Structure formats: structure tokens, C-alpha cells
Amino acid sequence: MTQILIIEDEPRITDFISKGLAMEGFESTSAASGAEGLGLALSGRFALVILDLGLPDMDGFQVLRKIRAVDEQLPVIILTARTSSTDTVAGLTSGADDYVPKPFRFPELVARVRLRLRSAAAQEPEPEEEALRHGDLVLDPVRHLVTIGDRVVDLSAREFDLAEMFLRNPGQALTRDQLLANVWGYDFDAASNVVDVYVRYLRNKLGASRFETVRGVGYRLVEERRYLG
């Protein structure tokens, strides 16, 4: 399993990222300080580093420069609330492979993680990601296309991300908090009913019988054998 290092001192964000990565098939380790993160980054165990700039003991740019002094190939994605063009340029010129501003949506972050991992393994290109299927429903993450049989289904960006979340976790009861965090972002209002609204949109567009309400929990995409049976 691909190992990813998260160097971030805010537990809420670390937890959000690590849970999201686990659902995407990655394994992660976290460090809350620059010194600890630097030691782990140089251990050779990790395929990619997600690095916050605002660390308690040293600036993230220092950590990045120390990593690059030893390892020029390890992919590093900067994750930070600093959004000025000066900071962005400084990060990229210091050796970062990508720069993601906070607040962020998890689908964007994981897309960048996958892109940087593919770039790092360019000598052995990964096969194109396969389409996700549920009965006659097909979701193609690469072409951003959804079809039911021969019919193309028009989904908004949020609807697509939500549908992809369900299709990657068939049969699993997903909580509203999980769906909210992974589709709308960790800083979205937890009291919002936006998840319920968008599940209703998906039921209307993709078929109500595909989605079950799990009382007191959230929603589930029914297992394909049950849906077809």
C-alpha cells in the first residue's frame, strides 16, 4: 500500500486527510512538527509528503529545503493557508511539486496526490484508472462522464464527486460527516442539510433504488447483487 507522510500540526486537518486517504486506498503517517516530519521524510518509507508551512518549530520552507538537499525526487505537496503569490512562488522555487491552498476540498487534494505519484513513477506509467460500475451505471473518473446504459447523465461537479464517493464504497454506510468532509471540504458547516439535498438529486438522476437511507447514520449505495437481484 502506498505510504504518504502528512506534516501538519492541526489535528483536525490531519485526521480529515488521513481518513480521506484511507478511503482512497492509501496508508498515511502524520508528524506534528517540522523536526519529526523531516526525519520521517528522509527515512525512505514514503512515496509522497503533504507539508504544511505553518509548523510550530520551523517554517515549512525550511523543512522543504532540507528534504531537497538530500532527496530531489520525493514528491512534496504544500498545504497552507498562505495564499499570496509570493508564498506560492517561494514554495515552488524551493522544490515543491504542488501547492494547495486552505481551505480545500478533498477530491482536489487526492487528485493532486495521484497526479504527483504518477509523475514520480513516469518510467512505469500506471494504467488508466478504470471506470466505476453499478449495474448499468458507469462513472468514468478520467473523462468525468456518467452513463446509464446508452444514456449520458448530466451531473454537476458536486453531484459527480458525491456519486464517485458512493461508487468507491459500495455497500458501506457513509455518514453525513464523511460525505460532507470528502465532497464539500473539512470547513463546511456540519449543521447543513446539503448532503440530504444532493442525495435526493442523485436519486432523481441515477435511480432512487440505488441509495438507501441508514437511519441515524447516513446513506449507502446498495450492493450491486442486491440492486440487480
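## Y198 and Y201

Y198 counts as buried, at 19% relative accessibility; buried means under 20% relative accessible area, exposed over 50%, and partly exposed in between, with a 1.4 Å probe and protein chains only. Y201 is partly exposed, its relative accessible area being 35%. The model is predicted: local features need pLDDT of at least 70, side-chain atom pairs count only at pLDDT 80 or more, and totals for chains, interfaces and linings use all residues. Residues are numbered from 1 along each chain as its sequence is written, and side-chain values use heavy atoms, leaving out hydrogens and water.

Y198 and Y201 are three residues apart in helix 8, so about one helical turn separates them. Helices (H or I, at least four residues) and strands (E, at least two) are DSSP runs, numbered from the N terminus.

## Aromatic pairs

Five aromatic pairs are found in a search of the whole structure. Rings of Phe, Tyr and Trp (its six-membered ring) pair if their centres lie within 6.5 Å; planes under 30 degrees apart count as stacked, over 60 as edge-to-face and the rest as tilted. One of the pairs joins F166 and F211, edge-to-face, with 5.2 Å centre to centre and 65° between the planes. F166 belongs to helix 6 and F211 to strand 11 (residues 211-214), so this pair ties together parts that are 45 residues apart in sequence. Both F166 and F211 are buried.

Y198 and Y201 also form an edge-to-face pair, at 5.0 Å centre to centre and 65° between the planes. Elsewhere, ring pairs link F16, F104 and F106 into a cluster.

## Nonpolar cores

A nonpolar core is a set of buried Ala, Val, Leu, Ile, Met, Phe, Trp, Tyr and Cys residues joined through side-chain atoms within 4.5 Å. The largest such core has 28 residues, of which L162, F166 and L206 touch the most other members. Among the elements that each supply at least two residues are helix 6 (157-167), helix 7 (176-184) and helix 8 (194-206). Helix 8 gives the most, with seven residues.

Leaving aside residues up to four places away in sequence, F166 touches L174, L179, V199, L202, F211, Y219, R220 and L221; contact means heavy atoms within 4.5 Å. Another core, of 21 residues, lies apart from the largest one and includes L5, I67, A96 and Y99.

## T80

T80 is part of strand 4 (residues 76-80). With 2% relative accessibility, T80 counts as buried. Not counting residues up to four places away in sequence, T80 touches D52, L53, Y99, V100, P101 and K102.
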